[in-house]
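Please load the model into the viewer and keep the selection panel at hand.

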Amino acid sequence: MIMRESLLKLALVAGMFFSAATVSAQDAKELYNTATGFIRSGDYSNAILVLNQALQLEPDNIEFRKQMGFAYYLQGDMNKAKNTIEPLLNKKEADAQLFQIAGNIYQSRQEWKTAQKLYEKALRRFPESGELYNDNGQLLMFLKIYEGGMGSYLKGIEKDPGFPGNYYNAAHAYSFTKDPIWTIIYGEIFVNLESYTTRTAEVRDLLMDAYKKLYNDPSLAAKALEITNTDKKSKRKAEADFADLYRTSMGKQVSVVMSGIDAESLIMLRTRFLLDWYNFSNLKFPYALFDYQRKLLKEGMFEAYNQWLFGPVASQSAYKSWTTMHKTEYDAFLQYQRNHPLKLRPDEYYNDNRFSLAR
């Protein structure tokens, strides 16, 4: 009987400890969620106050400390941010986001070399992180290491094709080169991945300018004609890379834009491009973007898609008029787009590796 009572007491005590630990964990999580809400609303002081309370309950919680360092960074206290984040970087639980925060802190402190080394270390540890390639590329571009920066964006596109930031920055960087085709390709992918932000409107402008730049090159049509008519046509096509084939196909459509480039002429141009591409180049270079365009063409939504893509930039009044007159068609496209977004495929990475800034 005494033994049974002792065991019962032990069980009750153990249950009390377990219950207290559960309540403590729940309380800490609730505090963390509250702090995250303060960060979202821009109230960093309250976020830090609440995170300190959470850390009293779980002092070894790396996620809490990471959020604390991020709050200090957003508040502008880089010393406390650095002191909070740095001790976490060598821990096995450190994730890619932690290295991103650390990189931002170092850059804010103008510790450029430290930031560079940090990104190199982070990418060795997280070689599939599009966010880290993007941050590294931005730092290298800022330091005027242009080829390195572009290389980082392109590696990010290759390793993490669904992350939009690298497409955005690559499209921008290519807009300063003599060849606009990658601005066209990466810009359109970006607008599909990040469809309704201020960056979207910015890239729409880049896209329109890139098409104009492409067709202002008097050699474009001549090169396409040369490759098409040469006796070595089949051999040349077999050896050509993605960029050359794309450029050649676009060159064949020059007559469509003889009177200028606007949303209407781009619809015709891009329709003819798809027909040509799927006759000659698709088997060698399958590409999710072109498959998506072709699907929209078959579904009767390609015109609406192109109006959505180019209309607001080409002419606001014409775009508004078109969407008013074709409301049912346009609404059907928007619904389709929400339910069937562009999905990139990881094994379809092409680049001509000829990046150089126009002088």
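**First stop: S265 and its surroundings**

Select S265: leaving aside neighbours within four places in sequence, S265 is in contact (heavy atoms within 4.5 Å) with V256, V257 and G260. S265 belongs to helix α15, residues 263-280; helices (H or I, at least four residues) and strands (E, at least two) are DSSP runs, numbered from the N terminus. S265 is buried, because its relative accessible area is 10%, where buried means under 20% relative accessible area, exposed over 50% and partly exposed in between, with a 1.4 Å probe and protein chains only.

The model is predicted, so that local features need pLDDT of at least 70 and side-chain atom pairs count only at pLDDT 80 or more, while totals for chains, interfaces and linings use all residues. Residues are numbered from 1 along each chain as its sequence is written, and side-chain values use heavy atoms, with hydrogens and water left out.

**The whole chain**

The chain contains 19 helices and zero strands. Of its 359 residues, 46% are buried. Among contacts between residues at least 6 apart in sequence, 63% join residues at least 24 apart.

**The nonpolar cores**

Next, select Y186, Y211, Y246 and F290. Within the largest nonpolar core, which has 65 residues, these four touch the most other members. A nonpolar core is a set of buried Ala, Val, Leu, Ile, Met, Phe, Trp, Tyr and Cys residues joined through side-chain atoms within 4.5 Å. Helix α10 (residues 181-193) supplies the largest share of this core, eight residues.

Which residues does F290 contact, leaving aside its neighbours within four places in sequence? They are F242, Y246, F273, L274, W277 and Y278.

A second, separate core has 37 residues, and L51, A71, F99 and I105 are included in it.

Now select T248 together with F273. T248 is located in helix α14, residues 242-251, and is buried, because its relative accessible area is 6%. T248 and F273 lie 25 residues apart in sequence, and their C-alpha atoms are 9.9 Å apart in space.

**Helix pair α2 and α3**

Two packed helices are described by the angle between their axes and the distance between the axes. Select residues 44-57 (helix α2) and residues 62-75 (helix α3): their axes come within 9 Å and cross at roughly 160 degrees. Axes are lines fitted to C-alpha atoms, for helices over the stretch in contact, and angles run from 0 to 180 degrees between N-to-C directions. The crossing angle therefore makes α2 roughly antiparallel to α3; angles under 35 degrees count as roughly parallel, over 145 as roughly antiparallel, 65 to 115 as roughly perpendicular and the rest as oblique.

The crossing of α2 and α3 is left-handed, a term that applies if the near helix is turned anticlockwise from the far one by less than a right angle, with right-handed for clockwise.

To view the contact itself, show the side chains of Y44, S45, I48, L51, N52, A54 and L55 in α2, which meet F64, R65, Q67, M68, A71, Y72, L74 and Q75 in α3. The residues of this contact comprise 10 nonpolar, four polar and one charged. Ala, Val, Leu, Ile, Met, Phe, Trp, Tyr, Cys and Pro count as nonpolar, Asp, Glu, Lys and Arg as charged, and the others, Gly among them, as polar.

**Helix pair α17 and α18**

Move to helix α17 (residues 302-314) and helix α18 (residues 316-325), which pack at about 150 degrees with axes 7 Å apart. That angle makes α17 roughly antiparallel to α18, and their crossing is left-handed. E303, A304, Q307, W308, G311, P312 and A314 in α17 meet Q316, Y319 and W322 in α18. This contact divides into six nonpolar residues, three polar and one charged.

Y196 sits in the loop between α10 and α11 (198-215) and counts as exposed, because its relative accessibility is 61%.

**Two loops with positive phi**

Finally, select Q110 in the loop between α5 (96-108) and α6 (112-125). Q110 is not a glycine, yet its phi is positive, at about 60 degrees. Is Q110 buried or exposed? With 57% relative accessibility, Q110 counts as exposed.

The phi of K144 is near 65 degrees, a positive value in a residue other than glycine. K144 counts as exposed, at 62% relative accessibility.
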